[in-house]
Amino acid sequence: VKSLRSFIGEAESKKSAIGHFNISNLEGLWGIFNAARKLDLPVVIGVSEGERNFVGVRQAVALVRSLRESYSHPVFLNADHTYTLEGVREAIDSGFDAVILDGAKLAYEENVKLVAQAVEYGKSMTNEVLVEGELGYIGSSSKLLDEIPEGATASEEQMTKPEQARDFVKKTGVDLLAPAVGNLHGILKHAKNPALDIERIGEIRKAAGVPLVLHGGSGVSDEDFVKAIRAGISVVHINSEIRLAYRKAIEKSLADNPDEIAPYKYLKAGVEAIEGVVEARLGLFAKKS
Ligand SMILES: [Zn+2]
């Protein structure tokens, strides 16, 4: 099986993107994996610090590795939003394919320093692990949003600047960069999520010189995705959409089957709901634009 790095390079040259979807449990993993296999596409499984604590760090590695080996299918594991160097080390030592040191909320120089240390550790351990840095805060709520979260990038002023992206990559040596370009973690309850700044994506990609990752893909329109991928996004993160689909499906399943107590029966609807969302998103990202 080829490396994640080579799949990302391939996606970039085809002007398509790889989907990254988060899991909290085995149902999520199967839903995502089923969709990726069905479409014969590579996929990245993400676990944030909270998700990792729930699934287990080494257990997440074992699960993803067993799928990759059993089915000879390219499925990779990313340590999403890791806030400390210890967390990065733990993920790399446990066998993750990629890690994110998220210093977006820190002062710029602090962010640079921490991410550079993460890159250095990754390189000292293996040539294969990808290290991602973030530039620009886009919120971090796990709930449906009433409004754009405090401090999150809402105006052009706060978005990632191409010149800073260039400086950041040069100083840290990151493999991947996640910019703030109008994207938001979470889904707004009463309004559409903001539109993406497509022109900025193109400028940042050029200045940064490394593939770009779009976080907060939930709630982004199909048209914006296609344009963003064409402009230089090579990996897209989706989490809130699958969480919402899972929860709704399980609520309905429980309501429809009040006497059912076998989890594998009433949770099946959750797996199918996730599979449906992932299939639609993966299909869109893989389209040559
Ligand atoms: Zn994210």
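Predicted model: local features only at pLDDT ≥ 70, side-chain atom pairs only at ≥ 80, totals over all residues.

A residue is called buried under 20% relative accessible area, exposed over 50%, and partly exposed in between. By that scale, Asp256, at 47% relative accessibility, is partly exposed.

Let me first describe the chain as a whole. The protein chain contains 12 helices and 8 strands. For 289 residues, a compact globule would have a radius of gyration near 19 Å, and the 18 Å of the protein chain agrees with this. Buried residues account for 56% of the 289 residues. Of the contacts between residues at least 6 apart in sequence, 73% join residues at least 24 apart.

I turn now to charge. Side chains of opposite charge can pair when their charged atoms come close. The count here is 18 salt bridges.

Returning to Asp256, its partner is Lys252, with the closest N and O atoms 2.6 Å apart. Both residues lie in helix α10, about one turn of the helix from each other. Lys252 is exposed, at 53%.

Helix α12 holds another such pair: Lys268 and Glu272 form a salt bridge at 3.4 Å, N to O, and they are 4 residues apart in that helix.

Finally, Arg5, Lys123 and Asp175 are linked in a network of salt bridges.

Notes:
Residues numbered from 1 in each chain as written. Heavy atoms only, no water. Helix = DSSP H or I, 4+ residues; strand = E, 2+ residues; numbered from the N terminus. Rg over C-alpha atoms; globule rule 2.2 N^0.38 Å. Buried < 20%, exposed > 50% of the residue type's maximum accessible area, 1.4 Å probe, protein only. Contact = heavy atoms within 4.5 Å. Salt bridge = Lys/Arg side-chain N within 4 Å of Asp/Glu carboxyl O.
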